[in-house]
Amino acid sequence: MSKRDSIFVRTPYGSEISHDTIPAITDRATETADGWPDRPLKKFYTFLFVDCPYVSVRKEMETKNLAVYVTLGYDVNGIKDIYSIAETAKANNLKPYDYFEYLLTEIPKHLDDTDHSFLDNLLPWSPSLPANCRKPGKDEAK
């Protein structure tokens, strides 16, 4: 049944939603989600949680477990931001696995630093990232 097959959809709470309301909601949610990759990072988070859940994905009659790297940051006001490091790395033409390996090698070297400016060199758009983190260009050999 498509959303047009039914004039109203009854919610679990007993209210009804018209077929015109559903695309209006999904269009609004899509606009918000599309803007996420372009939102600016805050300069400081009081708490960061990095996780890598695995998700089973079926593609062409085959099921694979894919890693989804996610960072949850809380700012000083308790506002939460969720970032997918993998998508940011891909958008900056990086190889996510090599980039994560580099981050997890470099960050521990600076745990006692009071100056956090080293983080600028670890951002996915930093020109100082090592070449092995970058995907080869179209004219380069893979």
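Biologist: Which side chain meets K95 in a salt bridge?

Modeller: Happy to start there; bear in mind that this is a predicted model, where local features need pLDDT of at least 70, side-chain atom pairs count only at pLDDT 80 or more, and totals for chains, interfaces and linings use all residues. Residues are numbered from 1 along each chain as its sequence is written, and side-chain values use heavy atoms, with hydrogens and water left out. A salt bridge is a side-chain nitrogen of Lys or Arg within 4 Å of a carboxyl oxygen of Asp or Glu. At 3.3 Å from N to O, the partner of K95 is D98.

Biologist: Is D98 buried or exposed?

Modeller: Buried means under 20% relative accessible area, exposed over 50%, and partly exposed in between, using a 1.4 Å probe and protein chains only. K95, with 29%, is therefore partly exposed. D98 has 19% relative accessibility, so D98 counts as buried.

Biologist: Where is D98 found, and which residues does D98 touch?

Modeller: D98 is found in helix 3, residues 96–106; helices (H or I, at least four residues) and strands (E, at least two) are DSSP runs, numbered from the N terminus. A contact means heavy atoms within 4.5 Å. Not counting residues up to four places away in sequence, D98 touches N132 and C133.

Biologist: How many salt bridges does the structure hold?

Modeller: In general, side chains of opposite charge can pair when their charged atoms come close. Besides K95 with D98, the side chains of E106 and K109 meet at 2.9 Å, N to O. E106 counts as buried because its relative accessibility is 15%, whereas K109 is exposed at 54%. The structure holds 2 salt bridges.

Biologist: Which residues of helix 3 are buried, and which helix is included in their cover?

Modeller: The buried residues of helix 3 are P96, D98, Y99, F100, L103 and E106. What covers these buried residues includes helix 2.

Biologist: What is the angle between the planes of Y99 and F100?

Modeller: Y99 counts as buried at 3% relative accessibility, and F100 counts as buried at 7%. Their rings form a tilted pair, 6.1 Å centre to centre, and the angle between the planes is 45°.

Biologist: In which order do the elements of the chain run?

Modeller: There are 3 helices and 7 strands in the chain. From the N terminus on, the order is β-β-α-β-β-β-β-β-α-α.

Biologist: Which element has the highest mean pLDDT?

Modeller: pLDDT is the predictor's confidence in each residue, from 0 to 100. The chain has a mean of 75, and 66% of its residues reach 70 or more. Strand 1 (residues 8–10) has the lowest mean among the elements, 55, while the highest, 86, belongs to helix 3.

Biologist: One last thing: what share of the chain's residues count as buried?

Modeller: Residues 24 or more positions apart account for 38% of the contacts in the chain with a separation of 6 or more. As for burial, the chain has 142 residues, and the share that count as buried is 19%.

Methods:
Rings of Phe, Tyr and Trp (its six-membered ring) pair if their centres lie within 6.5 Å; planes under 30 degrees apart count as stacked, over 60 as edge-to-face and the rest as tilted.
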